[in-house]
Amino acid sequence: MTRTKKVLGGMALLMGLCAFGCMGAVFCLPAYFKHGILVETCPDGGVRGAINVNTYGLERGRVGSVEVDLIGIYLDEYGYPHEAAVGRGDVSLVLSRDGKETPLDCDWDEPWRGHHSCPLKLPEDLTDGDYVLRVSVDGPLVDDPSVEVKLPLYAPAMAQVMTDRPLYEPGDNMLFRAITLRRADLAPADDRPGEWHVLDPNGELLLRERSKGGPWGITESSFPLSDDATPGLWTVRWVSGAVTTDVQVRVEPFTLPRYTVEASANRAWHKAGDPLSFAGVARYTSGAPVANAEVVVTVSGDGDWPPPTEWLEERELTTDASGRFTLSFGEVPADLIGEAKLRILAVVTDPAGDVQRGQAAATLSKDPVLVDAVTELGDGLAPDFNNRVYLRLTSPDGGPLANRQVTVTNAWAAVKEPKTSSTDADGVLAMQLDPGQPVSLVTPPPPYRPQPRAVTQAVRFNGGNEHLDGRELLLEERVALEAVARRAEDCGVWAVRSAQRATIAMELSGSRLVRATSDGSGFGECVRAKIGDLPGYGERVLSVTFAAANPDIPALEVAVEDVVGSSSARITSLLEARAPLANLCLLRSTAEGQLSRQLVVTAREGSTELGQRWAESDAGVSWAEAGCVAQAIGSLRLVSPASADGVAIVTFDVSQPRSAQDSRPRATVSDGFELTVEVDGVGATRWRSTPSVVPTLRLRPSAVLLNPGDALELEVLRGPDYAGELPDTLTIRQGTAFSMTCARDRKALKLLSKEDRARCPEPKDDNRVRFTLPKDRDGFYTAEWGGAQTMVYARPASTLSLTMTTDKPLYKPGERGELRLQTSSQAVVSVAGVDSTLGTLAPLVAPNALNAALQKVHSDQPAFGLFDALALTSGMVRGEAAAMATILRVSRVDLIDPLSPPVNAAASWRAPVEEELLDVFYAVLADARAAVRAWEKAAKPGEQLTHARTKELWDATLDAREAADRPVNDPYGRRMVLHQLSEDLLAKTQPNLLVRDAARLPEDNEPWAAWVQDEDNQ
């Protein structure tokens, strides 16, 4: 070694010694080398540990991070605790679940001031569940701390809960199961844990059961109902991660119905002129008919066409010996418009008094074809434009008119050339048509069918007096006269033209009516005829007043015109006395104006007899109530003989009240298009559409039902308001999992990635972008550009199908049946069922109960009210035109990440210093108290327990425990001497708390804490 090297080495050593000495002058070097903490004042005793753990973005297959802070806790020379970062220590991670532990490798960064961090990606093959990440530290502290961080790893999922029955009685055993599916691909979430909850109708939780899940995402459990279970709706709930799904079942005592009621219409659908009737049958569960049962049928109608009012009246029937009943409505009226439903509810009461109900409906339609439309323009048509239209054609009973030739014509368009096309398997056709300009379309009003009117409460009793005694009427007299007013309600017809008021005098002897006299008016005479005996006593003369307001009914007016002679005035007075009674014939009338039926009246000189003949006229309104009016008018007779021969013509006019005029439906006028749609071999109907506007940009796929690996073209259609260039590229994607971009023209190929150039077809420099779908990906693809969006669906290679059969078509009571289920591939099948009698009390789970949960592609308004994206994926949509219309109605797509949400969690641990301190202190305190008791027993009379003697006994207790190898140190390793105890613990060692006999204490009560802290006493 050269002299220079020796000099340099010596200087380096000297500088190191100087630096070490300087650091030692500032920091406590023993604490650094022994405990890894860098502090100015050396700890008093040992150093205890604490650890803080934070995780960020932890997920299977996704990189997150773990951060660990290691902390040392120590006491200074005054006993106050402090914290300092521990600069040394090795951190390890273990992931555990259900007793299975998996060590995790983590590339830890160099710790800085006790902070450790590393990126962490959890294994991708972890199943859903609640995991624990245990973070352990091997360091220089007294403790080797570890922390457990809870990591709930649950992928987005959906669940459906089913019960074995929809209705239970108290004492039954409820069986239930849940299926949990991953939301991203709807595959079963195997072995996904969760909890079962059962709540009673009051919301009280009666069952909380942990479940580990099972294969195929299926988990099941049961709950026995007590015999006094609360009736009402119970809730069965499955909770797994963020998924909460429940179902409600009814619990109540019930009796199965002894019989059932079935009803049906005589045809699948009815047109105008067809006979309409319903047939029903009531059978006991044994199969025997329910004979001679009372049947009450109520009828209601739905649709734009109002049924005749007499159809809506309640009807009473009786079942025959075979338990059957029939309800006939006659022919469907010729004023039928559009489509309507007539529904009946039959309430059957058997001879034993049991009541059951049955329902049925009949479809009425003016046309043999119903049409519904979906267009690319909000279901409207753009004027003078080439519109793409999708029409679904069905028969009135809902059956699709599949594979039919259809002709569409527009009588209002300038070009009246018919358009022809054919419907697909779903009765849907696609057509291009120009509707021309909108025209004014008049919609006739529906038939006016007012409810039958009655002159109810038209007459009221206004009061009166008794004149012999000069008193007011008694209560029983007023009550009886109120009843007279109710009996006289028909007399309100006399007030049709103007309100009426009449005073009637009544002479009574006891309760018997001797005589009643009116004012001679038609209204007064009508009311007088309704008066009978009245309760009371003695001779009485009453004057009572009745009044009638103008009733809200049609009014009949008569006009008499002399042809020969001059008897019209005398005939008019006769008719005006009879006409009000004829108003009762008009309660159902909707006619208004002069009526076609007229009365010819003939007078003979010297005779009071009048000849009468009714004649029909071409002028006026036909009148169904004419016979009733003719009967109400009856035979006419003059009061005195006629002075000459004469002939007069009587005409009748009906005026409707203001309320009827206001409620009468009126025709409406709107701008739109009207086209005739004719189906070959079926018939025709009219289709109306509203005007719409062409959007700026549309994307139209060449097909929407495809197979993986098929070719796809997306056509870019520009509207009249579009300005700009066509897109260079278009992208189809499946959420965040897959995307592919292809070019419209060759110049844009340079914009594609190398992977996309390899899988995209050659562009053709037109307004289409061509794709080849991947062979390994099915499902929905979405394309969007410039605000326009479209979708296509690639069908999976295989679909699931299910068949269900029984071993016999018919079983006898008590026989055992076998149900055979066959699926096209391995699957989970849940079966629930009830017999027909229990089915009348509670419905079964519907076959489409899972539909809402399974949907990832949503249609707020399904095409034709029927076809949504789920129908497309489940195979309900078979035709290409129907599929195109379905895609037009897709409103949104759920973009679901297949991974579970990243977990951000935190946990911490601190050495249990307080607990350890108290454990040792109270053990020493117990021994010290025993030592004081022993001293008391051996001490001489008059000897006192001074503070000094108490300290001696405490120290002796510590020595004895040490000799017996029993703990005497605090959590930091310090001997538990009195002057190092905290104030609250020191207070528990006062002599007066240790001694049994206070006479052993000095009378001078020197403060114990101050004496202990005095350095001379330590």
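This is a predicted model: local features need pLDDT of at least 70, side-chain atom pairs count only at pLDDT 80 or more; totals for chains, interfaces and linings use all residues.
The mean pLDDT of the protein is 87, and 93% of the residues reach 70 or more. The pLDDT falls below 50 over residues 16–24, a stretch that has 4 contacts in the model beyond its near neighbours in sequence.

A search of the whole structure returned 4 disulfides. Among them is the link between Cys 106 and Cys 118, whose sulfur atoms lie 1.5 Å apart. This link is right-handed, with 85° about the S-S bond. It connects distant parts of the chain, 12 residues apart: Cys 106 sits in the loop between strand S5 (100–104) and strand S6 (115–121), and Cys 118 is in strand S6. Cys 106 has a relative accessible area of 16% and is therefore buried, given that the cut-off is under 20%. Cys 118 also counts as buried, at 3% relative accessibility.

Another of the disulfides joins Cys 491 to Cys 526, with an S to S distance of 2.0 Å. The link of Cys 491 and Cys 526 is left-handed, with -80° about the S-S bond. Cys 491 is placed in the loop between helix H3 (475–487) and strand S32 (500–509), whereas Cys 526 belongs to helix H4 (residues 522–528), so the pair ties together parts that are 35 residues apart in sequence. Cys 491 has 0% relative accessibility and counts as buried. Cys 526 is buried as well, with a relative accessible area of 15%.

A disulfide is also found between Cys 742 and Cys 760, where the S to S distance is 1.9 Å. The torsion about the S-S bond of this pair is about -85°, so the disulfide is left-handed. Distant parts of the chain are again linked, here 18 residues apart: Cys 742 lies in strand S46 (residues 738–743), and Cys 760 in the loop between helix H8 (754–759) and strand S47 (768–772). Cys 742 counts as buried at 0% relative accessibility. For Cys 760 the relative accessible area is 14%, and this residue is buried too.

Arg 392 is located in strand S25 (residues 387–394). Arg 392 is buried but has no salt bridge. The backbone of Asp 426 does approach the arginine, however: its oxygen lies 3.2 Å from a polar atom of the side chain of Arg 392. With neighbours within four places in sequence left aside, Arg 392 is in contact with Leu 370, Val 371, Asp 372, Gly 398, Pro 400, Asp 426, Gly 427, Val 428, Phe 864, Leu 866 and Phe 867.

Ala 155 occupies the loop between strand S8 (146–153) and strand S9 (157–163). Although placed in a loop, Ala 155 is buried, with a relative accessible area of 7%. Ala 155 and Ile 73 are 82 residues apart along the chain, and their C-alpha atoms are separated by 40 Å.

Definitions and conventions: Residues are numbered from 1 along each chain as its sequence is written. Side-chain values use heavy atoms; hydrogens and water are left out. A disulfide is a pair of cysteine sulfur atoms within 2.5 Å. Helices (H or I, at least four residues) and strands (E, at least two) are DSSP runs, numbered from the N terminus. Buried means under 20% relative accessible area, exposed over 50%, partly exposed in between (1.4 Å probe, protein chains only). Lys and Arg count as positive and Asp and Glu as negative; His and the chain ends are not counted. A salt bridge is a side-chain nitrogen of Lys or Arg within 4 Å of a carboxyl oxygen of Asp or Glu. A polar contact is a pair of N or O atoms within 3.5 Å; within protein, one must be able to donate a hydrogen and the other to accept it, and residues adjacent in sequence count only if both atoms are side-chain atoms. Contact means heavy atoms within 4.5 Å. pLDDT is the predictor's confidence in each residue, from 0 to 100.
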